[in-house]
Amino acid sequence: MGLGPRSPHKVGRRFPAGGKRGRGAKGSGRPLPGSKRQPWPPPDRRSEPPPDSHPHLSPEALGYFRRALSALKEAPETGEERDLMVHNIMKEVETQALALSTNRTGSEMLQELLGFSPLKPLCRVWAALRSNLRTVACHRCGVHVLQSALLQLPRLLGSAAEEEEEEEQEGEDGKDGPTETLEELVLGLAAEVCDDFLFYCGDTHGSFVVRTLLQVLGGTILESERARPRGSQSSEAQKAPARECKPADFEVPETFLNRLQDLTSSFLKDIAVFITDKISSFCLQVALQVLHHKLPEFCAYLCNAVIGYLSTRSSSVDGSPLLLFLRDQTSSRLLEQVLLVLEPPRLQSLFEEHLQGQLQTLAAHPIANFPLQRLLDAVTTPELLSPVFEELSPVLEAVLAQGHPGVVIALVGACRRVGACQAKVLQLLLEAFHCAEPSSRQVACVPLFATLMAYEVYYGLMEEEGAVPAEHQVEMAAARALGDVTVLGSLLLQHLLHFSTPGLVLRSLGALTGPQLLVLAQSPAGSHVLDAILTSPSVTRKQRRRVLQNLKGQYVALACSRHGSRVLDAIWSGAALGARKEIAAELGEQNQQLIRDPFGHHVARNVALTTFLKRREAWEQQQGAVAKRRRALNSILED
């Protein structure tokens, strides 16, 4: 199962870092968007009305909303004054909703204002835009306003029923209230989109509304949407991590799920368009993700429809018709999502019927290697991993040399997840990076994996063809600064550290000098390798301590680094009292430097360095109490 004897082209190999997947990314194998794209929508149905048809927003009105938004941000977060301010501002927004939505600056302010808006004012603004849905949804600025309005539902749906009950009890005459409830407005929007589904899905801007609507109807805001900065959030929310800005899942009425099923049926009516059209395909991809979370049976039905359609197209010369679409820029992205949401039995049958025997060809293709990575990401059973591993294992070095390291990383990740073939894949990696023989080279595997470089390239050696590989020189390795850590190299090491027996990787990490380990910890990608050492259940406390002891003498430099300070905080959290004393003593020698540093002063506060230097006994009592609480918590979690 090895990679065979050395050949002349393998000597001195530098593995390309891998093609980036995206819009014409270098090495991605995907052409720039628009080069061969079919016109969509048709010429007689323009995406956006002429600029003159949009109402004009006067400079005075723009200035008013800018001042109002600024005042709202500075107002107290709660209170009657703030409520009255929001009410008055949203009343003005309601009268100029369309003009604000179609103005670049105005739409950005409106998105932020919607983030502050209570239920009723938002419904009134939504109702004001309802009659101009196509204008707003297909406008480059208006589409973001509609998205922001939809993304307020996780915040407002819970309060909708309560406010409706209060209105009934108070006997309001409905003069200022919306004509429709929030639920009715969303369902109305969904109905209008459903009536002209192909148009909205195929429109460059309108498709964003469809994608957000699918998520809202399913009560699932996808990670990609949560990570995207939105003007509809307050400035405080924008500063928070994306995962804290809005929940991933929220409760929705049964009517929303029913409407989601209706939209799913619309995909089936024109399945060919959604598979081949670049813009429309994005909507189907989002639908698959939402259905996978909320309506898995409908997700499976939709996946079968896609696979069934593609399987009946013209036959490929070298196998299943599906192979042709795996090499296509648009349909391959859709198939990636299909592979990720298929249930294990269906994924197994798909592999056996269409992909078995073709994995090496797919791994070498500039586009098809990405769906192959998703297939590997979806592997969860030994029954599927075994034939996949057997087919790919002979060509790992060739795949790396072709610039597709993502395939190798995904295969290693599958071995980690399933818990099989781990020793075999590690041996193959050592051979691919030319550090398997002689055995003294194995201790150098971490720098090679981290930088994705073969042994000869990393150390600048010149080896003749057929020559016996030289022994590893410890002095040479210690004198060389650690190379640039790649993202994929870091992922590879993280997977290996979570293997059931990560001893070889830990020995290689322990062989790094203090400055080399410091460079790893200060690297944006490499710092996550240290995280894996601290969190992997396969790494014992003794092994962890043996690696981390090389950081002694580097704590100040670590504390004064953006990424290193985070690593030091993680080390501190898991350190025993004795180790904490050593860290605090070393940091205390450079207390003033830490206090002046933008990252170091946070570490000094976390360590309670001032207390350590001035009141050692009190510091030890405080840290002892913290350690006692941590032990108690760990014992509870273990039970």
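Trainee: What makes helix α15 and helix α18 roughly parallel to each other in this predicted model?

Mentor: Helix α15 (residues 254-269) and helix α18 (residues 296-311) pack at an angle of about 5 degrees, with their axes 11 Å apart. Angles under 35 degrees count as roughly parallel, and α15 and α18 are therefore placed in that class.

Trainee: Which residues meet where α15 packs on α18, and how do they divide into nonpolar, polar and charged?

Mentor: From α15 come Gln 261, Thr 264, Phe 267 and Leu 268, which meet Phe 298, Tyr 301, Leu 302 and Ala 305 in α18. Six residues of this contact are nonpolar, two are polar and none is charged.

Trainee: Why is α21 called roughly parallel to α24?

Mentor: The angle at which helix α21 (residues 344-355) and helix α24 (residues 382-392) pack is about 30 degrees, and their axes lie 10 Å apart. The limit for roughly parallel is under 35 degrees, so the description applies to α21 and α24. Their crossing is left-handed. On the α21 side the contact is made by Leu 347, Gln 348, Phe 351 and Leu 355, and on the α24 side by Glu 383, Leu 384, Pro 387, Val 388 and Glu 391. The residues of this contact divide into six nonpolar, one polar and two charged.

Trainee: How do you know that Gln 554 is buried, and not exposed?

Mentor: Buried means under 20% relative accessible area, and Gln 554 is buried because its value is 16%. Gln 554 has its place in the loop between α35 (541-548) and α36 (555-559). Leaving aside neighbours within four places in sequence, Gln 554 is in contact with Gly 514, Pro 515, Leu 518 and Glu 586. Gly 514 and Leu 518 are among the buried residues of helix α33 (residues 514-522), and the buried residues of α33 pack against several helices, including α35 and α36.

Trainee: What makes Tyr 459 buried?

Mentor: With the cut-off at under 20% relative accessible area, Tyr 459 counts as buried because its own relative accessible area is 12%. Tyr 459 lies in the loop between α29 (455-458) and α30. Not counting residues up to four places away in sequence, Tyr 459 touches Ala 444, Leu 448, His 472, Met 476, Ala 477 and Arg 480. In the case of Ala 477, which is 18 residues from Tyr 459 along the chain, the C-alpha atoms of the two are separated by 7.7 Å.

Trainee: How do you know that helix α20 is mostly covered?

Mentor: Of the 13 residues of helix α20 (residues 329-341), eleven are buried, among them Leu 334, Leu 335, Val 338, Leu 339 and Val 341, together with Glu 336 and Gln 337. The buried residues of α20 pack against α16 (271-276), α17 (278-294), α18, α19 (322-326), α21 and α23 (369-378).

Trainee: How many residues has the largest nonpolar core, and which of them have the most contacts inside it?

Mentor: The largest nonpolar core has 192 residues, and those with the most contacts inside it are Trp 126, Phe 433, Phe 449, Leu 509 and Leu 587. Helix α26 (residues 405-418) gives the most to this core, with nine residues. Leu 509 touches Val 446, Leu 497, Leu 520, Ile 533, Val 547 and Asn 550, when residues up to four places away in sequence are not counted. As for the protein chain, 50% of its 639 residues count as buried, and its secondary structure comprises 42 helices and zero strands.

How values were computed. Residues numbered from 1 in each chain as written. Predicted model: local features only at pLDDT ≥ 70, side-chain atom pairs only at ≥ 80, totals over all residues. Heavy atoms only, no water. Axes fitted to C-alpha atoms, helices over the stretch in contact; angles between N-to-C directions. Helix = DSSP H or I, 4+ residues; strand = E, 2+ residues; numbered from the N terminus. Parallel < 35°, antiparallel > 145°, perpendicular 65-115°, else oblique. Left-handed = near helix turned anticlockwise from the far one by under 90°. Contact = heavy atoms within 4.5 Å. Nonpolar A, V, L, I, M, F, W, Y, C, P; charged D, E, K, R; others polar. Core = buried A, V, L, I, M, F, W, Y, C linked by side-chain atoms within 4.5 Å. Buried < 20%, exposed > 50% of the residue type's maximum accessible area, 1.4 Å probe, protein only.
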